[in-house]
Amino acid sequence: MKKVNLILFILFLGLNLNGQERLFNMNNSMSFSNNPARTGMSPATQINYGLGMYDLNSSFRKFNQLLNFDTYIPKIKGGVGLEIGTFNAGKDFLNAQTFIVTYAYPIINKTNTLLSVGAGLGMNRNKTDFTELVFGEINHIVSERYHMRANYGFHFSYKSIFIEGSQSFYKRISYTPS
């Protein structure tokens, strides 16, 4: 058991403690977005939709939408999930889309105890138009980036005690400045 604990500690040493930028954060109700080990671990199938719209000033609006679905499938002995999101800030300053598919496997799933591990794979697209942020004479500066996104995590709960960790990786696959 000591070896298993040591391996888990080393594996999740790179625990992401920073969290998401507040501009994109809607994960209070959609927790498997940051930790795929929670996918399908609730007693019911979940479909969540989050919508956020904020006027930061008269010319800069933030608009977020996030849809996710997760469920436990007994045939494959695990939970599966799908998340699709779109994020916009300003008129056209930032435009981003994301999707991720996740899978979680419950190692221990008893009445008061849950230990699960999970992984996810997806893609992000970010388009930034700096002419919408800077006013006046400026060359048209637009960049578009595509990233592969992978994450893994673990979740342990015993009665009301929760311990979890996750790590995300992004790999840029294309960049188009203009």
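Which side chains meet in a salt bridge with R38 (2.8 Å, N to O)? The views below take that up, using a predicted model in which local features need pLDDT of at least 70, side-chain atom pairs count only at pLDDT 80 or more, and totals for chains, interfaces and linings use all residues. Residues are numbered from 1 along each chain as its sequence is written, and side-chain values use heavy atoms, with hydrogens and water left out.

**View 1. R38 pairs up with E164.** Their side chains form a salt bridge (a side-chain nitrogen of Lys or Arg within 4 Å of a carboxyl oxygen of Asp or Glu), at 2.8 Å from N to O. R38 sits in the loop between α1 (2-11) and β1 (46-57) and E164 in strand β7 (residues 161-177), so the pair ties together parts 126 residues apart in sequence. Helices (H or I, at least four residues) and strands (E, at least two) are DSSP runs, numbered from the N terminus.

**View 2. R125 meets E144 in a salt bridge.** Here too the N to O distance is 2.8 Å. R125 belongs to β5 and E144 to β6, so this pair links parts 19 residues apart in sequence. R125 counts as buried at 19% relative accessibility; buried means under 20% relative accessible area, exposed over 50%, partly exposed in between (1.4 Å probe, protein chains only).

**View 3. Strand β4 (residues 94-109) runs antiparallel to β5.** The two are joined by 15 bridges (strands pair if DSSP finds at least two bridges between them), and a hairpin connects them through 3 residues. F99 stands opposite M123 in β5. Of the 17 residues in β5 (113-129), 12 are buried.
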